[in-house]
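Here is a colleague's note for someone meeting this structure for the first time. Please keep the view open beside the text while reading the numbered points.

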Amino acid sequence: MRWLCLAGLFLVTGCGGRTDPVRGTIEEIAVAAEKRDASTVMSRLSPGFQAADGTGRADVETALRGYFAAYESLEVRISDLKIERAVGAARARFRADLSGKPRQISGLDGWLPRTASYRFDLRLLPDLRGRWLVTSAGWEEASGR
């Protein structure tokens, strides 16, 4: 569920007007996650992406494809989003509350979680074309509200 979370955690709605580029990256990944589109999610991770647990892009992609195939639908609610900026870098921290409907094949609906909550800490950098990409991600299970 944590890789599903990584994809799903990015659902953030715009506040009208011009969207902040870091928030825009998060929104793009969120839309892709809800569509269960692993390719688009992966396009917003930097080539050198590293998760806090040491896994890299290939591991994330494999896990995402598996989770996306296992769920019929996905929903994400983001709260407490805070974006900190430095010259040429950003950090985004937030809570992601996820829910999904597992497919009813091979008993998946009996053992896949329907809900999960995590606190995420992402680092982002712009690429040469000015697109903001996630370079690293850390998370921990969130309790309560």
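1. Which residue in E5 is the bridge partner of Ala51? The partner of Ala51 is Ala137, and this position belongs to a parallel pairing of E1 with strand E5 (residues 132-141) that extends over 3 bridges. Two strands are taken to pair if DSSP finds at least two bridges between them, while helices (H or I, at least four residues) and strands (E, at least two) are DSSP runs numbered from the N terminus.

2. A word on the source: residues are numbered from 1 along each chain as its sequence is written. The model is a predicted one, in which local features need pLDDT of at least 70, side-chain atom pairs count only at pLDDT 80 or more, and totals for chains, interfaces and linings use all residues, with side-chain values resting on heavy atoms and hydrogens and water left out.

3. On the overall layout, the chain contains 5 helices and 5 strands, and reading along the sequence gives the pattern α-α-α-β-α-β-β-α-β-β. Of the 145 residues in the chain, 43% are buried, where buried means under 20% relative accessible area, exposed means over 50%, and partly exposed lies in between (1.4 Å probe, protein chains only). Among contacts between residues at least 6 apart in sequence, 59% join residues at least 24 apart, a contact being heavy atoms within 4.5 Å.

4. The sheet deserves a careful look: its 5 strands form an open sheet with the order E1-E5-E4-E3-E2 and mixed pairing. Strand E1 (45-51) and strand E2 (71-86) are the edge strands, each of them pairing on one side only. Neighbouring strands of this sheet are turned by 25 degrees against each other on average, direction ignored; axes here are lines fitted to C-alpha atoms, for helices over the stretch in contact, and angles run from 0 to 180 degrees between N-to-C directions.

5. E2 and E3 pair in the antiparallel sense over 13 bridges, and within this pairing Ile78 stands opposite Ala96 of E3. The hairpin of the two strands has 2 residues between them, and there Gly88 takes a positive phi near 70 degrees.

6. Helix H2 (residues 21-34) lies across E2, strand E3 (89-102), strand E4 (115-126) and E5, and runs at about 170 degrees to E2. At the start of H2, a side-chain oxygen of Asp20 reaches to within 2.9 Å of the backbone nitrogen of Val22, and after the helix comes Arg36, whose phi is positive, near 60 degrees. The buried residues of H2 include Thr25, Glu27 and Ala30.

7. Which residues does Val22 touch, not counting those up to four places away in sequence? They are Ile83, Arg85, Ala90, Leu124 and Trp132. Val22, which lies in H2, is buried with a relative accessible area of 1%. Although Val22 and Arg85 are 63 residues apart along the chain, their C-alpha atoms are separated by 9.4 Å.

8. Helix H4 (residues 57-70) has 14 residues and reaches 20 Å from its first C-alpha to its last, close to the 20 Å expected at 1.5 Å a residue, the expected span being 1.5 Å times one less than the number of residues. Val60, Ala63, Leu64, Phe68 and Ala70 are buried in H4. These residues lie on the same side of H4 because they cover an arc of only 155 degrees around the axis, the arc being that of the directions from the helix axis to the C-beta atoms. The face of H4 turned away from this buried side carries the exposed residues Ala58 and Thr62.

Terms used:
A polar contact is a pair of N or O atoms within 3.5 Å; within protein, one must be able to donate a hydrogen and the other to accept it, and residues adjacent in sequence count only if both atoms are side-chain atoms.
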